[in-house]
Amino acid sequence: MKQYLLSVVEPSTGEPPSDEVMARIVAQVEELDRAVKQAGVWVFSGGLHPPGSATTLRPKGDDVLTSDGPYAEGKEHLGGFMVLQCADLDEALEWGRRAVAATMLPIEVRPFR
């Protein structure tokens, strides 16, 4: 069985969902979390703080430079992820479809090497 990364792609701009919509999304994501665990495919998952909370490290000769903020500015950013162990890409994509329905956001599905 291969492992797949399901990345939640959040918009970097715009208004956040209303409290009512966010409560529905949280409930749907909690249900998805229960489902992947019940199915035995869950390996690890987590949500991330906004990109502004990041610290980026870059090589500079023999040194490593640190800077506040994300590596790159963009219209979208990684908001969270799930690592699932699935029989094949089709199964991972099905979980991705369920993640889209739960989060109401784009989900990128990628296999690990």
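## Helix H1

The expected span of a helix is 1.5 Å times one less than its number of residues. In this predicted model, helix H1 has 21 residues, and the distance from its first C-alpha to its last is 30 Å, close to the 30 Å expected at 1.5 Å a residue. Seen down the axis of H1, the buried residues fall within an arc of 95 degrees, so they line one face of the helix. These buried residues of H1 are Ile-25, Leu-32, Ala-35 and Val-36, and what covers them includes strand E2 (42-47), E5 and H2.

The face of H1 turned away from the buried side carries the exposed residues Asp-19, Glu-20 and Gln-38. After H1 comes Gly-40, which has a positive phi, near 80 degrees.

## The largest nonpolar core

In soluble globular proteins, nonpolar side chains tend to be buried together. Here the largest nonpolar core holds 16 residues, of which Leu-6, Leu-32, Val-36, Leu-84 and Trp-95 touch the most other members. At least two residues of this core are supplied by each of strand E1 (2-11), helix H1 (19-39), strand E5 (76-86), helix H2 (89-103) and strand E6 (107-111), while the largest share, four residues, comes from H2.

If its neighbours within four places in sequence are left aside, Trp-95 is in contact with Leu-6, Leu-32, Ala-35, Val-36, Ala-39, Val-41, Leu-84 and Cys-86.

## A charge over a ring

The ring of Trp-42 has the charged end of Lys-37 sitting over it, 4.6 Å from the ring centre.

Note on methods
Residues are numbered from 1 along each chain as its sequence is written. This is a predicted model: local features need pLDDT of at least 70, side-chain atom pairs count only at pLDDT 80 or more; totals for chains, interfaces and linings use all residues. Side-chain values use heavy atoms; hydrogens and water are left out. A charge sits over a ring if NZ of Lys or CZ of Arg is within 6 Å of the ring centre and within 35 degrees of the ring normal. A nonpolar core is a set of buried Ala, Val, Leu, Ile, Met, Phe, Trp, Tyr and Cys residues joined through side-chain atoms within 4.5 Å. Buried means under 20% relative accessible area, exposed over 50%, partly exposed in between (1.4 Å probe, protein chains only). Contact means heavy atoms within 4.5 Å. The arc is that of the directions from the helix axis to the C-beta atoms.
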